[in-house]
Amino acid sequence: MTSAVKGAAAAVTEGVAAAAQKTVGDAQEHYRYVIVGGGVGAGYAAAEFAECGLKANELCIISSDQALPYERPALSKGYLKPSSPARLPNFHTCANTPGAPKQTAAWYFKQGIDVKLKTRVTSVDIKGKSLEAEAPGPRHHHITWDNLVIATGSKLISMDKAEGSGLKGIVYLRTVGEADDLVQEIQECKSRKGHCVVIGASYIGMECGASVAPHGIDVTMVASGDRLFPRLFTPEISTFYEDEFAKHGIKIIKNDRAERFVDAGNGRVGTVVLKSGTKLPCSLCVVGVGVKPEVELFKGKLPLADSGGIQVDGSLRPVGHKADSVYVIGDAAAFPLLRRGGDLQNVQHVQHARESAQYAVQSIMGKASGDYDYLPFFYSREFDLGWKLYGDQAGEPVYFGDKAEGKFGCFFVKDGKVLGVFAEGASDDEAKAMRAVADLRPSFQSKDTLARQGLDFATKIAEADHAHKRAKT
Ligand SMILES: Cc1cc2nc3c(=O)[nH]c(=O)nc-3n(C[C@H](O)[C@H](O)[C@H](O)COP(=O)(O)OP(=O)(O)OC[C@H]3O[C@@H](n4cnc5c(N)ncnc54)[C@H](O)[C@@H]3O)c2cc1C
């Protein structure tokens, strides 16, 4: 290790243990760049700062989490696998980006980035460019900045008002600590030969249901709507995944809601009672009923949108605060989605966290051009299935492919243009072509041809675009 690195302010310990702190007591610290939050957005922002020539001691990340920034989506997928589960440090942020650094403690140390783990920011003074934070010990930090990046993400919607909500065996999933609790509860449920109830049938509900069942546990999912994931799926797509869940022995109860939890007599959950009166016996209950932006800290200090996120303009700076050098990235931002006519959107998906982080850092470093232009992208994996959705699911769906072969999807078309594309089982190359289609919004000959060609249509559009760009250079 070079002496420059030794002398750097980086103070991160290996693994998920608490970071060693550079300062103790009521110290005052100043950084050129401060990121509040230490999740996906923070990790990608740190990588981008490093790429843009960050110097030692310039960047501080303050995170209430116990672990260095990691790819959160892994928690409901690889982390819960019965065999060869994903574990840190193998899925820190950028882990799957070709050529990207491995963002372990050693990397943060080498970059001279001070990461304060298990540290919660308790108040922020935007005009005074300062914040207060509390760490275990307890330790108090007073930190000032030149540039602030807000990356506080989302917080889980909890059922803590429901009767019996404090019973053991009721779990939520947002952090790696909660994923560890879930892994332990899965073992406990297995050893009791118990059942699992999953409350919620969108992202987290579907992924957790699909991850718990392979452990040999009976799973029942409770959906408040009349089908799986109505926010993103068409009825036909919902039916496909409902059939797949049924094939894996997972029962889905629709049009119902969990209302209360009943003690098994040992302080553990024994029954979930639904609004309809249905009683579901269980010894494990996973609650996945949604998230909302984690922006309490900024109430009354920065403009909040109706969605709850901090309202930013196309440069990702809070409206009315252009001069303050504050940027908001990831789940916490309500930003104008240019591809939907500048409508204000809260996008709680990992790709937006990554891209908004990169954009904000480039902007701070004077390297961004134009406004943040995000192309919506959603994905998920259940069992050995994997779906992707690029662009808008507006307009009429035109289906293609063969469901029986597990490779199918639909284009979303409107006014003679393809606005978006959904596909199950697309290869990496096909996914790139899907992205190109959603980006270019091409016109098409007829719905019949589109249905017949399926992803070949996307591939042809992507190839033509590639050839056109090559010819121009
Ligand atoms: C289990 C799970 C699976 C997911 N799967 C998918 C998927 O398949 N596809 C997809 O697109 N998206 C998925 N997501 C959503 C995706 O992970 C989020 O959109 C993404 O993590 C948002 O990044 P972020 O940086 O905005 O926030 P986060 O990654 O949530 O990070 C926020 C950070 O801020 C910290 N923080 C908050 N308040 C404070 C404070 N006051 N002081 C200090 N630190 C604070 C938190 O500790 C955390 O470290 C999933 C999410 C979860 C939980």
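A residue is called buried if 20 or more other C-beta atoms, placed from the backbone, lie within 10 Å of its own, exposed if 12 or fewer do, and partly exposed in between. In soluble globular proteins, nonpolar side chains tend to be buried together. Leaving aside residues up to four places away in sequence, the contacts of Ile329 include Gly41, Ala45, Val149 and Leu316, a contact being a pair of residues whose C-beta atoms, placed from the backbone, lie within 7 Å.

The model is predicted, with local features needing pLDDT of at least 70 and side-chain atom pairs counting only at pLDDT 80 or more, while totals for chains, interfaces and linings use all residues. Residues are numbered from 1 along each chain as its sequence is written. The mean pLDDT, the predictor's confidence in each residue from 0 to 100, is 93 for the chain, and 94% of the residues reach 70 or more. However, pLDDT stays under 50 over residues 1-11 and also over residues 13-24. Where pLDDT is low, the predicted coordinates should not be read in detail.

The chain is divided into domain 1 (3-155 + 293-364), domain 2 (158-289) and domain 3 (384-472), with bounds that come from an automatic or database domain assignment. Around the ligand lie 38 residues, among which Gly37, Gly39, Gly41, Gly153 and Gly330 come nearest; a residue is near if its C-beta atom, placed from the backbone, lies within 6 Å. Domain 1 and domain 2 each supply at least three residues of this shell.

Some backbone features also stand out. Most residues other than glycine have a negative phi, and most peptide bonds are trans. The bond from Leu88 to Pro89 is cis, with omega near 15 degrees, and the bond from Gly137 to Pro138 is cis, with omega near -5 degrees. Phi is positive at Asn57, near 75 degrees, and at Leu316, about 70 degrees. Asn57 counts as partly exposed because it has 18 C-beta neighbours inside 10 Å, whereas Leu316, with 24, counts as buried.

Conventions:
Contact = placed C-beta atoms within 7 Å.
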